[in-house]
Amino acid sequence: MAVPSRVDNMCLYTNANFIAHRGLQRHFPENSILGIEAAIHTGAVNIEVDVQLSRDGIALLYHDFDLQRISAQKGSVSDFDAEQLQEFSAHEPLRFSDKFQSCKLPLLHDLIAVIKKHPAVHFYIEVKEDAINAHGHDYCLRHLGQILQPVLAQVSLISFDEQIVKQAKSSGLFPKTGIVLRDWASRETVIEATAADIAYINLTRIPSSEAIQASCPIAVYEIADAALARSTLQRGAAKIETFAIDKLLQELCLNP
């Protein structure tokens, strides 16, 4: 197959410039093993997933603290033990009706086999602040570190919580870390304080007139439009996080 050439102002990127946000989220329930495998099948080499902790302190792949949107259940993740949570579905009824009713909530432990099966794929594991507030920094790091120890070379621990990112790196539990920024102007202060290897930020928090530059690579979310992704990369972003990983890889990548 002939390799497409670079023409005019259209840049061709590689799969490494893109991160599948919660798997192939636009076609499958977010943070599901099904959606993660589908994203990898489309060519994703970076996957971001979210981690919450159950009442009994077991990590599972879940974004919201509340169970309503994803599982159509009352209450929060920390109201239930892991065994109870695994009886619920992660089918996202507002988006998919009952199409994925059989899609169960995966434990973080369930992801290990997927990571091992795909050694060329890097996983960004975001520990949610709800989990940290409920169980504390030390417990979260010990628990996640124990589960992820066999695959640490393929994992970066990321969070909005500066303390857990700093502690993850300084303790040696996680050699690769990332900080999710709340504010663009203070980025260098936060990056230096946490020793983060990558920083995530919402595109809407970056002034449109500024280059996207910092002392570590910047991953920008959430972008599904190819033209916007291209211009964001041209401004200096290292990676684009997207719910539409299949679309962007097909439209922008040299090796989709």
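What covers the buried residues of α11? I started there, and the cover includes β1, α1, α10 and β9. Buried means under 20% relative accessible area, with exposed over 50% and partly exposed in between (1.4 Å probe, protein chains only). Covering is a matter of contact, which is heavy atoms within 4.5 Å. The buried residues of helix α11 (residues 245-252) are I245, D246, L248, L249 and L252. I had to remind myself that an α-helix has 3.6 residues a turn, so residues three or four places apart point the same way.

**Ground rules.** I noted that this is a predicted model, where local features need pLDDT of at least 70, side-chain atom pairs count only at pLDDT 80 or more, and totals for chains, interfaces and linings use all residues. Residues are numbered from 1 along each chain as its sequence is written, and side-chain values use heavy atoms, with hydrogens and water left out.

**Whole protein.** I found eleven helices and nine strands. Both are DSSP runs numbered from the N terminus: helices are H or I with at least four residues, strands are E with at least two. The radius of gyration is 18 Å, close to the 18 Å that the globule rule gives for 256 residues, so the protein is as compact as a globular protein of that length. (The radius is taken over C-alpha atoms, and the rule is 2.2 Å times the number of residues to the power 0.38.) The C-alpha trace spans about 55 × 45 × 30 Å along its principal axes. I also noted that 54% of the 256 residues count as buried.

**Strand β1 and its partners.** Next I looked at β1 (residues 18-21). F18 and A20 point one way, I19 and H21 the other, and all are buried.

Which strands pair with β1? One is β9 (residues 239-242), parallel, over three bridges. Another is β2 (residues 46-53), also parallel, over two bridges. Strands pair if DSSP finds at least two bridges between them. On the β9 side, F18 has I240 as its bridge partner, and A20 stands opposite T242. On the β2 side, A20 stands opposite I47. Going from β1 through helix α1 (residues 33-42) to β2 makes a right-handed β-α-β unit. Right-handed means that, with the strands pointing away from the viewer, the path from the first strand over the helix to the second runs clockwise.

**Strand β9.** I checked whether its faces are covered, and both are: K239 and E241 on one side and I240 and T242 on the other are all buried. Strand β8 (residues 218-221) runs parallel to β9, joined by two bridges, and A219 has K239 as its bridge partner. The chain gets from β8 to β9 through helix α10 (residues 226-234), in another β-α-β crossover that is right-handed.

**The core.** Which members of the largest nonpolar core touch the most other members? Of its 64 residues, they are F18, I47, L111, F123, L148 and V220. A nonpolar core is a set of buried Ala, Val, Leu, Ile, Met, Phe, Trp, Tyr and Cys residues joined through side-chain atoms within 4.5 Å. Apart from it lies another core, of twelve residues, among them Y62, V77, F80 and A90.

**V51 and L144.** V51 sits in β2 and is buried, with a relative accessible area of 0%. Skipping residues up to four places away, V51 touches L144, and also A59, L108 and V127, among others. L144 lies in helix α7 (residues 137-148). L144 counts as buried too, at 0% relative accessibility.

**S159.** Is S159 buried or exposed? At 0% relative accessibility, S159 counts as buried. Its place is in strand β5 (residues 155-159). I then looked for polar contacts, meaning N or O atoms within 3.5 Å; within protein, one must be able to donate a hydrogen and the other to accept it, and residues adjacent in sequence count only if both atoms are side-chain atoms. A polar atom of the S159 side chain lies 3.0 Å from the backbone oxygen of V127. That side chain also reaches the backbone nitrogen of D161 at 3.0 Å.
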